[in-house]
Amino acid sequence: MLMLDVRKVWRSFRYAGQGIIDLFRYENNAKVHLLAAGVALGLGLWLGLTNLEWALLTMQIGLVWAAEAFNTALEKLADRVTTAHDPLIRATKDLASGAVLLVAIMAVAVALFIFVPKLALLYTN
Ligand SMILES: Nc1ncnc2c1ncn2[C@@H]1O[C@H](COP(=O)(O)OP(=O)(O)OP(=O)(O)O)[C@@H](O)[C@H]1O
């Protein structure tokens with residue numbers, strides 16, 4: 001029978017929340033992404049965005065944070081496997097951080113598409 005264990009769901013949320021707190025508390029790159037998101041949200045509030053632009057911006061911020069979280073998780077797992085120099089660990093970590101970089105580049109591109117025309121309009125009027 002379909003029975004929902006609400007306490008288990010709540011516990012999972014708490015663990016996930018702790019993961020998010022740890023991410024922004026201990027990971028330097030995540031702090032950079034947090035700052036960048038703050039700047040983008042501030043710019044959005046200042047310049048005024050459409051619902052679709054807010055949706056795109058929010059999505060990009062979420063994607064970068066999630067990629068950073070996955071990257072951090074993989075790094076920790078890799079360090080558990082070995083901290084000795086290892087070509088597969090190097091490849092794993094480079095690929096994971098490459099994924100973050102890809103998403104971050106796309107986020108910058110989306111931000112430019114949204115903000116540049118608005119800033120141009122502001123400074124040409
Ligand atoms: N055990 C290892 N063997 C080989 N190369 C490694 C190893 N650990 C780290 N590296 C190399 O050093 C880089 C940085 O790894 P590190 O674990 O220090 O992550 P970080 O400085 O937190 O990087 P990131 O910016 O991706 O969060 C890796 O991308 C990889 O190229």
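**Exercise 1.** In this predicted model, determine how the reach of helix H4 (residues 87-124) relates to the span expected at 1.5 Å a residue, and locate the kink in H4.

*Solution.* Begin with the length: H4 has 38 residues, for which 56 Å is expected at 1.5 Å a residue. Next take the distance from the first C-alpha of H4 to its last, which is 53 Å and thus close to the expected value. Finally, follow the axis along the helix, where a kink of about 30 degrees is found at Phe115, shortly before the proline Pro117.

**Exercise 2.** Identify the buried residues of H4 and the helix against which they pack, then decide whether Leu119 is buried, exposed or partly exposed.

*Solution.* The buried positions in H4 are Val100, Val103, Ala107 and Ile114, and the packing partner of the buried residues of H4 is helix H3 (51-81). Leu119 also belongs to H4; because 14 other C-beta atoms lie within 10 Å, Leu119 counts as partly exposed, given that a buried residue needs 20 or more and an exposed one has 12 or fewer. As a check on distance, the C-alpha atoms of Leu119 and Val64 are separated by 24 Å, the two residues being 55 apart along the chain.

Key
Residues are numbered from 1 along each chain as its sequence is written. This is a predicted model: local features need pLDDT of at least 70, side-chain atom pairs count only at pLDDT 80 or more; totals for chains, interfaces and linings use all residues. Helices (H or I, at least four residues) and strands (E, at least two) are DSSP runs, numbered from the N terminus. The expected span of a helix is 1.5 Å times one less than its number of residues. The bend at a residue is the angle between axes fitted to the seven residues ending there and the seven starting there. Two residues are in contact if their C-beta atoms, placed from the backbone, lie within 7 Å.
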